[in-house]
Amino acid sequence: RKLSNILSRYKVGLAPYRAIPNSVRWYADATKLRLYFANGLPVVSTFVAPLAKETEKKGCTIVTKDTKEEFAKGVLALLEDDSKYLEFRESAIKYAKDNTWENTYSKALRRMGI
């Protein structure tokens with residue numbers, strides 16, 4: 001709760017994962033992104049986290065290359081355009097509302113044919 005209270009005062013969630021070969025980040029769930037969405041934050045992330053790619057399609061994450069220049073461009077793309085920011089924020093909140101364990105597991109089991 002304490003962390004959520006702190007995050008709710010921020011404007012953008014940052015998730016700059018490095019593209020390190022054989023890193024667990026390529027396959028692991030990025031719970032940091034889920035926490036950001038739960039607090040209504042649009043996210044800027046690198047392409048490494050699978051969840052970043054999924055939420056980019058939903059309009060709540062800007063995905064960049066893992067360089068400081070490209071990451072900074074992603075952050076500025078949100079902060080310099082108020083309408084884009086609000087659009088991404090609304091999408092983040094919508095995503096968070098559907099992001100329950102029940103929905104996550106049901107979707108995974110359907111994909112597995114179970």
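The structure is a predicted model, in which local features need pLDDT of at least 70 and side-chain atom pairs count only at pLDDT 80 or more, while totals for chains, interfaces and linings use all residues. Residues are numbered from 1 along each chain as its sequence is written, and side-chain values use heavy atoms, with hydrogens and water left out.

Helices (H or I, at least four residues) and strands (E, at least two) are DSSP runs, numbered from the N terminus. H2 packs against helix H3 (residues 50-57) at an angle of about 35°, and their axes are 9 Å apart; axes are lines fitted to C-alpha atoms, for helices over the stretch in contact, and angles run from 0 to 180 degrees between N-to-C directions. On the H2 side, Leu33, Arg34 and Phe37 meet Leu51, Ala52 and Thr55 of H3, where contact means heavy atoms within 4.5 Å. The residues of this contact comprise four nonpolar, one polar and one charged (Ala, Val, Leu, Ile, Met, Phe, Trp, Tyr, Cys and Pro count as nonpolar, Asp, Glu, Lys and Arg as charged, and the others, Gly among them, as polar).

Leu51 of helix H3 counts as buried because its relative accessibility is 3%; buried means under 20% relative accessible area, exposed over 50%, and partly exposed in between (1.4 Å probe, protein chains only). Leaving aside residues up to four places away in sequence, Leu51 touches Asp29, Ala30, Leu33, Arg34 and Tyr95.

Tyr95 leads on to the aromatic rings. A search of the whole structure finds one aromatic pair. The ring centres of Phe37 and Tyr95 are 5.2 Å apart and the planes stand at 70°, so the pair is edge-to-face (rings of Phe, Tyr and Trp, its six-membered ring, pair if their centres lie within 6.5 Å; planes under 30 degrees apart count as stacked, over 60 as edge-to-face and the rest as tilted). This pair links distant parts of the chain, with Phe37 in helix H2 and Tyr95 in helix H5 (residues 82-98), 58 residues apart. Both Phe37 and Tyr95 are buried.

Asn39 is buried, at a relative accessible area of 14%. Not counting residues up to four places away in sequence, Asn39 touches Ser4, Leu7, Ser8 and Arg89. In strand E2 itself lies Thr46, which is buried with a relative accessible area of 2%.
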